[in-house]
Amino acid sequence: MRLPALSLLSAFRQTLVQQVQNTSVTPLLLKQYRLKHSDSGSKMFSPAPFTKDFFFRQLFDEATWTYTYLLADLNTREAVIIDPVLEKAKRDANLVKDLGFTLKYALNTHMHADHITGSGWLKQLLPGSKSVIAKASGAKADIHIKEGDPVTFGRHRIDTLATPGHTNGCMSFVIHEQGCIFTGDTVLIRGCGRTDFQEGDPAHLYENVHSKIFTLPDNFRIYPAHDYKGLMESSVWEEKTYNPRLTKTKEEFINIMDNLNLPYPKKIDVSLPANRECGVYDIPKE
Ligand SMILES: N[C@@H](CCC(=O)N[C@@H](CSS)C(=O)NCC(=O)O)C(=O)O
């Protein structure tokens with residue numbers, strides 16, 4: 001009897017697994033073999049490569065554990081920066097200059113409570129750049145956006161998603177072609193933004209994540225605004241599988257979020273008033 005090609009392939013794999021099991025191969029090797037040859041393995045390890053004309057740099061503020069992202073079109077040299085931090089504005093401006101980029105926009109995923117945005121000062125350091133934030137945030141900026149308003153730099157396009165829950169004005173920025181999303185504080189790696197101040201609403205956060213972020217392809221990279229454990233990126237698949245909060249039911253999630261009992265961010269009293277003014281309030285003189 002002739003076996004169809006697919007059955008032959010799976011019979012071959014089965015034999016291989018049996019052979020591996022019968023030898024002294026360690027369980028780790030077996031696990032790696034299974035991951036490599038299963039769907040979940042490829043989903044986990046195969047983010048789409050960035051295109052050659054796309055520049056990506058993750059930057060870090062060690063005082064507040066904030067990630068800032070500098071993106072650029074390598075042909076036109078137009079750049080955008082996502083979630084810059086005031087104290088790092090000079091570093092970021094110097095990097096933009098060193099690389100021969102022109103900063104078009106300083107984007108904020110939301111009105112941060114733990115640090116002052118660098119967008120106001122960057123506008124002064126890099127004249128011509130404009131600050132951007134969601135209208136729903138209530139913060140001042142040169143450009144107010146809502147869901148669906150595209151943000152472009154060179155030929156690249158950021159699609160904007162409204163993902164309120166941590167704050168009313170939270171947005172996530174997707175670049176479909178590069179297979180990545182910048183989630184701000186909406187999805188953190190194995191966590192999510194707290195919902196106990198500003199306009200926090202755990203039900204909204206949960207619904208927005210499940211309907212707008214977890215519906216993206218599994219291999220999309222997730223870049224958050226913070227990580228407190230040293231992790232740098234995740235993927236839609238990883239967070240759908242391992243996020244200890246967002247994998248729960250909505251009711252369980254609300255219960256978790258209502259009982260986090262986290263201390264308030266140390267800089268909340270200076271950050272919120274400054275960020276309402278786009279971070280131009282109390283700019284360091286140096
Ligand atoms: N200790 C930090 C603040 C830590 C914190 O509250 N982070 C926020 C995002 S910044 S408002 C958050 O949502 N955390 C979620 C979590 O589960 O930790 C400081 O003092 O700045």
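Because the model is predicted, local features need pLDDT of at least 70 and side-chain atom pairs count only at pLDDT 80 or more, whereas totals for chains, interfaces and linings use all residues. Residues are numbered from 1 along each chain as its sequence is written.

- Strand 3 (residues 78–82) and strand 4 (residues 102–107) pair in the parallel sense over five bridges, and two strands pair if DSSP finds at least two bridges between them.
- These two strands belong to an open sheet of six strands, ordered 1-2-3-4-5-6, with mixed pairing.
- At its edges are strand 1 (54–61) and strand 6 (143–145), each of which pairs on one side only.
- On average, neighbouring strands of this sheet are turned by 20 degrees against each other, direction ignored, with axes being lines fitted to C-alpha atoms (for helices over the stretch in contact) and angles running from 0 to 180 degrees between N-to-C directions.
- Helix 4 (residues 89–98) packs on the sheet and touches strand 1, strand 2 (66–73), strand 3 and strand 4, while its direction makes about 20 degrees with that of strand 2; two residues are in contact if their C-beta atoms, placed from the backbone, lie within 7 Å.

**The sheet with strands 7 and 14 at its edges**
- Another six strands form an open sheet in the order 7-8-9-10-13-14, again with mixed pairing.
- Strand 7 (151–153) and strand 14 (234–235) each have a single partner strand, so one side of each is left without a neighbour in the sheet.
- Strand 10 (residues 180–184) runs parallel to strand 13 (residues 221–224), and four bridges join them.
- Gly-184 stands opposite Pro-224 in strand 13.

**The ligand**
- The residues that surround the ligand include Thr-64, Asp-114, Asp-185, His-226 and Lys-267, a residue being near a molecule if its C-beta atom, placed from the backbone, lies within 6 Å of it.
- The shell divides into three nonpolar, four polar and five charged residues, with Ala, Val, Leu, Ile, Met, Phe, Trp, Tyr, Cys and Pro counted as nonpolar, Asp, Glu, Lys and Arg as charged, and the others, Gly among them, as polar.

**Confidence**
- The mean pLDDT (the predictor's confidence in each residue, from 0 to 100) is 89 for the protein, and 82% of its residues reach 70 or more.
- Over residues 19–26, pLDDT stays under 50.
- Where pLDDT is low, the predicted coordinates should not be read in detail.
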